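The following note sets out numbered points for a colleague who is reading this model for the first time. Please keep the structure in view while going through them.

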Amino acid sequence: MIEALWDGLILVFSWPAIGYMSIGVLFGLFMGFTPGIGGPVTLALVLPFSFNMDEVSAIAFLIGTHSVVNNGGSVTAILFGVPGSGPNAATLIDGFPLAQKGEAGRAIGAALAASALGGLFGTVVLACLIPILRPIVLVFGPPEFFMLAILGVVFLATLSGDNPLKGVLAGLLGLLISLIGEELIVGTKRYTFDIIYLWDGIKLVPSVIGLFAIAEMVDLLLKGGSIAKPDKERELSGPWTGVVDVFRHWDILVRSSILGVVIGIIPGLGGDVACFLAYGQAAQTAKKGEVEYGKGNICGVIAPEAASNAKEGGALVPTIAFGIPGSGSMAILLGALLIVGVTPGANLLNEQLDLTFTMVWTLAIANLSAAVIILMLANPLSKLTFFDGSVLAPVIISVCFIGAYMTTNSTGDIIVAIVLGIIGFMMKRLNFSRAAMLLGLVLGRIVEQNLFLSIRIFGAGFIYRPIAMGLVVIALLVMGWSFLKPVLQRRNEKAA
Amino acid sequence: MKRAEEIGFAVFLVIIFAMFVILGWGYAERPRIVPLTLSIPGLALSVLHLGNSIVKAKRTARKEHPVPAQKADEKPVGDQQPAVSTETRKILEIWIWIIALALGINFLGFMITIPVFLVAFLRFFAKRSWKISTLIAASFTLAVYLVFYVGLRTTL
């Protein structure tokens with residue numbers, strides 16, 4: 001295995017693989033900057049270029065591109081409140097308020113460091129897990145998926161701040177909107193009003209663009225001025241302060257990375273869940289005296305970023321070991337591997353172990369490269385937040401519409417972005433949690449599908465499976481704590 | 001204005017959840033389980049939220065404008081605020097620009113609508129000069145063309 005590890009490293013640095021990886025990293029970062037063009041869309045765009053490459057170059061190019069897209073999306077989420085894709089919306093919750101305080105550099109530094117270290121963590125876990133993959137992947141079934149999704153729904157309570165009622169309403173609305181379209185088991189078309197576009201449901205990308213990007217741009221145009229309105233008396237901290245913050249909050253980094261890897265390993269749950277779960281668990285463990293989550297707490301940036309890149313290593317596990325893609329991006333990657341002659345499965349874990357480690361090393365090196373590149377650009381990029389919003393906003397809105405349209409090449413996606421933009425704008429003005437609504441949108445179908453599968457396969461007693469039961473206990477503890485915490489805080493304040 | 005927005009949005013939520021309940025009831029047994037499980041509590045909570053908003057609005061209104069005792073033949077003083085505030089007008093204007101952009105994209109395509117939108121918006125909303133507006137619009141359109149049409153070989 002050590003020999004395969006070393007051979008994999010040599011393969012990554014060989015020519016032309018290292019050249020293709022570098023191109024992939026730059027391209028992935030650029031695509032990440034564009035809202036809506038992240039993850040699967042980026043991979044689908046570059047896939048044809050890999051057909052004529054040898055297997056090592058194709059792996060380096062595709063994984064190099066894919067693994068850094070989220071980094072680019074995080075930068076726009078922090079700078080402009082425009083998430084590049086679903087996972088970046090979790091970073092936006094605290095990242096954008098930091099930019100509004102003039103601390104965009106610090107937020108970017110923290111995001112990149114957390115992302116790089118989380119990615120490294122995921123890579124190490126991937127390398128260590130290779131010998132023992134099969135039992136881990138097979139232990140998760142529909143009951144466990146269902147309970148993980150419910151756990152994500154329970155975390156809604158932590159995203160609703162002072163007004164749980166508004167948070168729950170936002171989450172319920174998101175869950176219901178996710179059910180629009182063709183029902184998965186019987187095929188009934190629900191809430192479609194005979195509109196063909198709605199048969200496929202409401203897509204996540206235009207929803208994210210509308211709820212966050214367009215709503216923020218309208219708010220910026222309304223308020224006038226620039227995005228950043230720093231407190232003049234406070235000295236602004238730069239990206240290296242953010243990097244130091246990640247090491248200071250190493251416990252959040254480790255917990256979020258573990259969560260990201262575990263969620264990534266489970267096929268079908270998706271990366272968005274990992275980021276929001278990580279954010280939720282960080283918010284649950286907020287210490288007294290810290291900046292409130294949602295108002296510019298640096299841990300609110302560290303947690304989702306660490307989980308976001310850690311899950312990439314985890315998501316490769318079922319893809320290369322069993323040919324079971326963990327997400328849309330992995331499905332495209334799997335297709336690409338098959339085209340260039342790499343067959344996932346036992347071969348990749350035995351005779352072609354060096355290729356597997358090529359993927360591992362590519363992940364690690366691409367993440368580090370992206371972090372270094374963006375850190376060098378962090379200061380000039382953060383100056384964009386001081387531009388006049390009335391010039392920046394129309395450009396960003398145009399980019400958002402391009403990103404929304406590129407989801408399915410349909411103007412229906414632009415309409416969805418506008419409608420959800422109006423709703424998102426009102427939610428922002430009235431302190432409803434848009435993150436809770438987005439989480440509901442992401443989890444609704446997962447909850448329904450896995451509930452019915454669980455009942456069909458295991459009967460009503462599916463909840464008694466050990467891991468599912470463990471997740472029930474965690475969900476109850478989280479719920480109980482979110483109600484108990486304010487009561488204890490008030491009691492402590494009265495006693496003080 | 002904020003009170004009216006709170007109540008308006010609360011009414012909107014009640015209508016939306018009611019719609020999910022009423023339409024959901026018409027589906028077969030399996031497809032309606034999860035929608036009704038979510039929408040019925042949602043409707044109840046949204047009605048509760050509407051009630052809260054109305055009570056809060058009345059309480060705030062009483063604190064801001066305590067009603068003086070009136071004589072029987074005195075006419076009540078009318079509301080002094082303009083029918084549509086400046087902020088509301090600005091919000092509507094911004095959304096009209098955005099909807100116009102979407103309509104333009106639908107009927108004329110990206111490559112015509114985006115430069116026209118940017119020039120018009122920067123000139124008439126952001127009050128920039130024709131030179132700056134045209135420069136920004138042209139640069140951005142060129143960037144879109146180079147990235148998507150030349151680089152990615154896709155059409156918008």
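**Notes on the predicted model**

1. Ile320(A) lies in helix H15 of chain A, which covers residues 299–322. Is Ile320(A) buried or exposed? Ile320(A) counts as buried because 27 C-beta neighbours lie inside 10 Å, and a residue needs 20 or more within that distance to be called buried.

2. Gly421(A) is one of the buried residues of H20(A).

3. Chain A as a whole may be described next. Its secondary structure consists of 22 helices and two strands. The chain has 496 residues, of which 60% count as buried. Among the contacts in chain A with a separation of 6 or more, 80% join residues 24 or more positions apart.

4. The confidence of chain A deserves attention. The mean pLDDT of chain A is 81, and 88% of the residues score at least 70. Where in chain A is confidence lowest, and where is it highest? The lowest mean, 59, belongs to helix H9 (residues 156–159) of chain A, and the highest, 93, to helix H20 (residues 411–429) of chain A.

5. Helix H20 of chain A can be examined in detail. H20(A) contains 19 residues and spans 27 Å from its first C-alpha to its last, close to the 27 Å expected at 1.5 Å a residue. Its buried residues include Ile414(A), Ala417(A), Leu420(A) and Phe425(A). The cover over the buried residues of H20(A) includes helices H10 (164–178), H11 (204–223), H19 (389–408) and H21 (434–458) of chain A, together with H3 of chain B. After H20(A) comes Asn431(A), which has a positive phi near 60°.

6. Confidence in chain B should be read by region. The average pLDDT of chain B is 86, with 85% of the residues scoring at least 70. Over residues 70–81 of chain B, however, pLDDT stays under 50, and the model has one contact beyond four places in sequence for this stretch.

7. The two chains meet in a contact that takes 43 residues from chain B and 35 residues from chain A. On the side of chain B that touches chain A, helices H1, H2, H3, H4 and H5 of chain B each give two or more residues. The residues on that side comprise 33 nonpolar, five polar and five charged. For the model, ipTM is 0.87 and pTM is 0.79.

8. The largest nonpolar core has 192 residues, and those touching the most other members are Ile78(A), Ile302(A), Ile396(A), Cys400(A) and Phe401(A). Each of domain 1 and domain 2 of chain B supplies at least three residues to this core. Which residues does Phe401(A) contact, leaving aside neighbours within four places in sequence? Phe401(A) is in contact with Ile414(A) and Ala417(A), and with Leu101(B), Ala102(B) and Ile105(B).

Methods: Residues are numbered from 1 along each chain as its sequence is written. Chains are lettered from A and ligands numbered from 1 in the order in which they are written. This is a predicted model: local features need pLDDT of at least 70, side-chain atom pairs count only at pLDDT 80 or more; totals for chains, interfaces and linings use all residues. Two residues are in contact if their C-beta atoms, placed from the backbone, lie within 7 Å. Helices (H or I, at least four residues) and strands (E, at least two) are DSSP runs, numbered from the N terminus. Ala, Val, Leu, Ile, Met, Phe, Trp, Tyr, Cys and Pro count as nonpolar, Asp, Glu, Lys and Arg as charged, and the others, Gly among them, as polar. pLDDT is the predictor's confidence in each residue, from 0 to 100. A nonpolar core is a set of buried Ala, Val, Leu, Ile, Met, Phe, Trp, Tyr and Cys residues joined through C-beta atoms within 7 Å. A residue is buried if 20 or more other C-beta atoms lie within 10 Å of its own, exposed if 12 or fewer, and partly exposed in between; C-beta atoms are placed from the backbone. Domain bounds come from an automatic or database domain assignment. The expected span of a helix is 1.5 Å times one less than its number of residues.
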